[in-house]
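User: Hi! Could you walk me through the ligand site in this one?
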Amino acid sequence: MKIFIDSGDVGEIREAQQMGAIDGVTTNPSLLAKAGKPTKTVIAEICEIVDGPISAEVLATEKEAILREGRELAKIHKNVVVKVPLIDEGLKAVRIFTQEGINTNVTLCFSAAQGLLAAKAGATFISPFVGRIDDAAGDGMELIQQLVTIYQNYGFETQVLTASVRHPVHFVQAALIGAHAATLPFKVIKQLTRHPLTDVGLAQFLADAKKIPQ
Ligand code: E4P
């Protein structure tokens, strides 16, 4: 499973990249607002750090404007993936981006029906928001299972990018289901390496090592 970091923070992205943990980056307007720099500047910086798909989201909501904005984002770097909201106008734009060879990440997916339509439009990635579904008393991972099954049933090449991941269990469940990718906040990436028995075991080894004759 590909692991992406869900962040607009260049410091976090650099550290995750140094851990060898990440294959790409996803951003959204809320994350980029925290970065405090223009979107194009941050996306260009991220592309210098990580050699993989880097999702940058359009703000437009009408087909022609989405196309204009997405083409500009795609010019920043060959690895830029244009992130488009899952609305009718967004799907019209995705169809054209696909014909133009521009990779897309269709975001804000909350149902299998939406995800199927995104695949029909030719989306490179679909981003189902599992954490936000859980927050609304739904079962986010059930949607991941449904999309993986539907895409396999019909041979769609669209990759299921598990998004809105809140904790390590989401990550492991996505891998067990066979999702193509998951995008994780830096906090969750750090949680993945942690285990109390690792800490206890290391402390014991280091203590015992002091007894080894020099
Ligand atoms: C995905 O691409 C989104 O940027 C992100 O995963 C949303 O996560 P949130 O629900 O924690 O904001």
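Analyst: Happy to! Let's start with Asp-6: an N or O atom of its side chain is 2.8 Å from an oxygen atom of the ligand, a polar contact, meaning a pair of N or O atoms within 3.5 Å. This is a predicted model, where local features need pLDDT of at least 70 and side-chain atom pairs count only at pLDDT 80 or more, while totals for chains, interfaces and linings use all residues. Residues are numbered from 1 along each chain as its sequence is written, and side-chain values use heavy atoms, with hydrogens and water left out.

User: How far is the side chain of Lys-83 from an oxygen atom of the ligand?
Analyst: The distance from a side-chain N or O atom of Lys-83 is 2.6 Å. Ser-164 also has a polar side-chain atom 2.7 Å from a ligand oxygen.

User: How much of the ligand's accessible area does the protein cover?
Analyst: It covers 85% of the 340 Å² that the ligand has on its own (Shrake-Rupley method, 1.4 Å probe).

User: Which residues are around the ligand?
Analyst: Asp-6, Asn-28, Lys-83, Phe-129, Arg-132, Ala-163, Ser-164 and Arg-166, each with a heavy atom within 4 Å of the ligand. That shell divides into 2 nonpolar, 2 polar and 4 charged residues.

User: Switching topic: where does the ligand sit?
Analyst: In the largest pocket; sitting there means that more than half of its atoms lie within 2 Å of the pocket's grid points. A pocket is an open set of points on a 1 Å grid over the protein atoms alone, where a 1.4 Å probe fits, with protein on both sides within 12 Å along at least five of seven lines.

User: How much space lies in there?
Analyst: About 350 Å³. Of the 22 lining residues, the closest to the centre are Asp-6, Asn-28, Leu-31, Arg-132 and Pro-185; lining means an atom within 4 Å of a point.

Note on methods:
A polar contact is a pair of N or O atoms within 3.5 Å; within protein, one must be able to donate a hydrogen and the other to accept it, and residues adjacent in sequence count only if both atoms are side-chain atoms. Ala, Val, Leu, Ile, Met, Phe, Trp, Tyr, Cys and Pro count as nonpolar, Asp, Glu, Lys and Arg as charged, and the others, Gly among them, as polar. Grid points are joined across faces, edges and corners, and a volume is the space filled by probe spheres set on the points.
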